[in-house]
Amino acid sequence: MNSWLKTSRLCRYYRRGPQEIRAVDNVDLTVRRGEFLGVVGSSGSGKSTLLNLLAGLDTPTSGSIDFNNVTLGSLSRRELSSYRMRSVGMVFQSFNLLHYKTALENVELALYFSGTSKAVRRERAESSLETLGLSDRLDHRPSDLSGGEQQRVAIARALVKEPEILFADEPTGNLDHDNALQIAELLAKLNREGLTILLVTHNLDLAGSYCSRIITMNYGKIIDDSSGTRGV
Ligand SMILES: Nc1ncnc2c1ncn2[C@@H]1O[C@H](COP(=O)(O)OP(=O)(O)O)[C@@H](O)[C@H]1O
Ligand SMILES: [Mg+2]
């Protein structure tokens with residue numbers, strides 16, 4: 001069974017005064033290697049919380065996440081940090097680029113703690129930006145780039161680490177229609193080349209056109225999973 005990322009009764013609760021918010025509530029999810037999984041659902045339904053848990057950025061209240069048959073909760077801090085650094089790429093709605101750095105420097109920084117030499121970091125960053133069609137933007141700062149270009153730099157920064165899975169949280173949320181389509185096309189291409197992608201999006205058309213499977217969240221639970229009907 002090709003299921004290398006799997007949650008079991010995954011919960012993440014927040015306490016707000018006397019109130020308990022079940023942001024992720026008893027989620028059993030299996031992500032298959034090579035799929036392009038869309039995560040949809042209304043605002044506040046727990047999509048970002050689920051993504052952050054899977055990416056090792058947040059810790060569950062209860063339940064577990066297994067990656068390659070290893071439970072993330074059993075990893076040491078160093079091992080968990082290595083999971084975040086090496087196995088996972090993240091892209092956000094707000095591109096989170098450093099504004100005083102160039103595109104090339106932003107991408108290079110992702111490799112800063114990887115133990116590679118400066119020359120190799122530069123080479124890989126250039127090649128990653130080139131793949132995303134940004135060869136002529138290496139020395140531009142984010143403020144001199146369009147929104148679509150900034151998001152492509154952010155994707156280059158995620159991909160330069162050669163992650164096994166890419167988590168994208170509303171990556172097209174700040175983009176106009178054409179740029180959103182361009183980013184979606186790009187993700188689809190990366191997926192065809194073998195990258196596993198989890199895409200959180202508000203845009204049902206986008207998810208329907210590009211994702212191989214769609215799960216719908218509501219109040220922290222998965223209320224629909226298209227894998228039965230669409231297949232992968
Ligand atoms: N750090 C936090 N502290 C308290 N409540 C939070 C926190 N982060 C998220 N929540 C709550 O958890 C629920 C799910 O949030 P989120 O995962 O961001 O939803 P989505 O990404 O689907 O919009 C919401 O009710 C939100 O208010
Ligand atoms: Mg969110």
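**Entry 1: Thr 102**

I started with the contacts of Thr 102. Setting aside neighbours within four places in sequence, I found Thr 102 in contact with Leu 138, Asp 139, His 140 and Arg 141. This is a predicted model, so I keep in mind that local features are read only where pLDDT is at least 70. Thr 102 sits in the loop between strand E6 (88–92) and H3. Is Thr 102 buried or exposed? Thr 102 is buried, because its relative accessible area is 10% and the cut-off for buried is under 20%.

I then looked up two of the members. Glu 123 lies in helix H4 and counts as exposed, at 55% relative accessibility. Glu 105 belongs to helix H3 (residues 103–109) and is partly exposed, with a relative accessible area of 30%. For a sense of distance I also checked Glu 123 against Leu 190: the two are 67 residues apart in sequence, and their C-alpha atoms are 20 Å apart in space.

**Entry 2: the nonpolar patch**

Next I looked for nonpolar surface. Leu 98, Tyr 100, Leu 109, Tyr 112 and Phe 113 make a nonpolar surface patch of about 570 Å². Leu 98 is partly exposed, with a relative accessible area of 33%, whereas Thr 102 is buried.

**Entry 3: Phe 67**

Then I went to Phe 67, which lies in strand E4 (residues 62–67). Phe 67 counts as buried, at 7% relative accessibility. What does Phe 67 touch, not counting residues up to four places away in sequence? My list reads Trp 4, Leu 5, Leu 72, Tyr 83, Ser 87 and Glu 164. I followed up Trp 4: Phe 67 and Trp 4 are 63 residues apart in sequence, yet 5.4 Å apart in space, C-alpha to C-alpha.

**Entry 4: two positive phi angles**

Arg 9 has a positive phi of about 45° although it is not a glycine. Arg 9 lies in strand E1 (residues 3–16) and is exposed, with a relative accessible area of 59%. Asn 26, also not a glycine, has a positive phi of about 60°. Asn 26 is placed in strand E2 (residues 19–32) and counts as partly exposed, at 41% relative accessibility.

**Entry 5: salt bridges**

How many salt bridges does a search of the whole structure find? The search gave me 14, and I wrote up three of them.

Arg 15 and Glu 20 meet through their side chains in a salt bridge of 3.8 Å, N to O. Arg 15 counts as exposed, at 58% relative accessibility, while Glu 20 counts as partly exposed, at 35%.

Lys 221 and Asp 25 form a salt bridge of 3.3 Å, N to O. Lys 221 lies in strand E10 (residues 221–225) and Asp 25 in strand E2, so this pair ties together parts that are 196 residues apart in sequence. Lys 221 is partly exposed, with a relative accessible area of 37%, but Asp 25 counts as buried, at 8% relative accessibility.

Arg 137 and Glu 149 form a salt bridge too, with the closest N and O atoms 2.9 Å apart. Arg 137 is in the loop between H4 and helix H5 (147–159), and Glu 149 is in helix H5, so the pair ties together parts 12 residues apart in sequence. Arg 137 is partly exposed, with a relative accessible area of 23%; Glu 149 is buried, with 12%.

My last note is on shared partners. Salt bridges that share partners join Arg 15, Glu 20, Arg 22, Asp 25 and Lys 221 into one network.

Key:
Residues are numbered from 1 along each chain as its sequence is written. Chains are lettered from A and ligands numbered from 1 in the order in which they are written. This is a predicted model: local features need pLDDT of at least 70, side-chain atom pairs count only at pLDDT 80 or more; totals for chains, interfaces and linings use all residues. Side-chain values use heavy atoms; hydrogens and water are left out. Helices (H or I, at least four residues) and strands (E, at least two) are DSSP runs, numbered from the N terminus. Buried means under 20% relative accessible area, exposed over 50%, partly exposed in between (1.4 Å probe, protein chains only). Contact means heavy atoms within 4.5 Å. Patches are made of residues with over 30% relative accessible area and no salt bridge: like charges are joined within 9 Å, nonpolar side chains (Val, Leu, Ile, Met, Phe, Trp, Tyr) within 5 Å. Accessible areas come from the Shrake-Rupley method with a 1.4 Å probe; for residues, only the protein chains shown count as cover. A salt bridge is a side-chain nitrogen of Lys or Arg within 4 Å of a carboxyl oxygen of Asp or Glu.
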